[in-house]
Amino acid sequence: MNRAEKAALQLQAVAVLRMLKETRTYEELSDVTGLPAGDLNRYVNGHVLPGTDRASEVVEAVGREALADELLARVEFDDEGYVDNSGVVFDQPFLDLVAPVAAETFEFESPDVVLTAATDGITLGAAMASFFDARLAYAKKSKETAVEEFIESRQRLASGIELTYYLPASAIDAGDTVLVVDDLIRSGETQELLLDIALQADADVTGVFTLIAVGDEGMDRARAITDAPVGALTTFE
Ligand SMILES: O=P(O)(O)OC[C@H]1O[C@H](OP(=O)(O)OP(=O)(O)O)[C@H](O)[C@@H]1O
Ligand SMILES: Nc1ncnc2[nH]cnc12
């Protein structure tokens, strides 16, 4: 490992510890990591960097299960089973940690473009795009001003309301590989629209990823449209 790689690993470990610290005391963080609370305090506050051995242990321990547990600790359900996930989608450093784990777990190929839906998919999309060094494109429920050409996809929802997503036509080129992501998939209606936009763009979908699947309906709907891997960090019933 050269100096720059060591520094990157050390900073990644600090990012992991800061993420874990948000929902824990230093004593609890010490129980989770096996490291002394005093050292953890110095790492989290940026006064000292962990050595490379400690850093790699911390980073390697943060797999899918650890992130799924963390996600569960950060979301709230209301009485009707709707999810308040602002504790996750407002937390860009947390999402930055999700991207490498998702890529490894579901073996997504590195895409040219990460495609998502405004609004809540955008921060996850940005994290995934940054990890893959890909472009980010987000479809919106309204037309962006001054853009002349759009790909649009419309569908009538179970409620009877019509939903249309618009993507500036220049955002995806024919032949681009596209990873579709969203914070949450429930009915799969949004995924169907995003996958239709990718199809209209003559792009090649290489995967679908969501932080949260609520039930299986939406995931199955996405799987019926694409043969690419479709994965969720965690599934709620
Ligand atoms: O699988 P589905 O039933 O389509 O639900 C999932 C979609 O619902 C939410 O977005 P919402 O439409 O609430 O828009 P927002 O991101 O602007 O809040 C969420 O961010 C997904 O895009
Ligand atoms: N926040 C949310 N929770 C559960 N299902 C949803 N479908 C769309 N948004 C949702």
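**Reading a predicted fold, feature by feature**

Me: Okay, sheets next. What is the order of the strands in the open sheet?

Reply: General idea first: strands of a sheet pair through backbone hydrogen bonds, and the pairing is either parallel or antiparallel. In this model, five strands form an open sheet in the order S4-S3-S7-S8-S9, and the pairing is parallel. S4 (135-139) and S9 (230-236) are the edge strands, each with a single partner, so one side of each has no neighbour in the sheet. From one strand to the next, the twist averages 15°.

Me: Can we zoom in on one pair? How many bridges join S3 and S4?

Reply: Five bridges, in the parallel sense, pair strand S3 (residues 113-117) with S4. To find one on screen, pick Val113: its bridge partner in S4 is Arg135.

Me: Which helix packs on the sheet and touches S8 and S9?

Reply: That's helix H5 (residues 64-74), which touches strand S8 (204-214) and S9. The direction of H5 makes about 50° with that of S9. Then there's helix H9 (residues 189-200), lying across S3, S4, S7 (177-185) and S8. H9 runs at about 165° to S7.

Me: What about helix against helix? At what angle do the axes of H1 and H3 cross?

Reply: For a helix pair, read the distance and the angle together. H1 (residues 3-21) and H3 (residues 37-44) have axes that come within 9 Å and cross at roughly 110°. An angle of 65 to 115 degrees counts as roughly perpendicular, which is why H1 is described as roughly perpendicular to H3. Val14, Leu17, Arg18 and Lys21 of H1 make the contact with Leu40, Tyr43 and Val44 of H3. By class, that contact has five nonpolar, no polar and two charged residues.

Me: Zooming out, which domains does the domain assignment give?

Reply: The assignment gives domain 1 (3-61) and domain 2 (83-236). Their C-alpha centres lie 31 Å apart. Four residues from domain 1 and four from domain 2 make the contact. On the domain 1 side, these are three nonpolar, no polar and one charged.

Me: Now the ligands. How many residues surround ligand 1, and which are the closest?

Reply: Ligand 1 has 15 residues around it, the closest being Thr119, Asp120, Arg186, Ser187 and Thr190. S7 and H9 each supply at least two residues of this shell, and S7 gives the most, with four. The classes split into four nonpolar, six polar and five charged.

Me: And which residues surround ligand 2?

Reply: Tyr82, Val83, Leu184, Arg186 and Val214 surround ligand 2. That shell has four nonpolar, no polar and one charged residues.

How values were computed. Residues are numbered from 1 along each chain as its sequence is written. Chains are lettered from A and ligands numbered from 1 in the order in which they are written. This is a predicted model: local features need pLDDT of at least 70, side-chain atom pairs count only at pLDDT 80 or more; totals for chains, interfaces and linings use all residues. Axes are lines fitted to C-alpha atoms, for helices over the stretch in contact, and angles run from 0 to 180 degrees between N-to-C directions. Angles under 35 degrees count as roughly parallel, over 145 as roughly antiparallel, 65 to 115 as roughly perpendicular and the rest as oblique. Two residues are in contact if their C-beta atoms, placed from the backbone, lie within 7 Å. Ala, Val, Leu, Ile, Met, Phe, Trp, Tyr, Cys and Pro count as nonpolar, Asp, Glu, Lys and Arg as charged, and the others, Gly among them, as polar. Two strands pair if DSSP finds at least two bridges between them. Domain bounds come from an automatic or database domain assignment. A residue is near a molecule or strand if its C-beta atom, placed from the backbone, lies within 6 Å of it.
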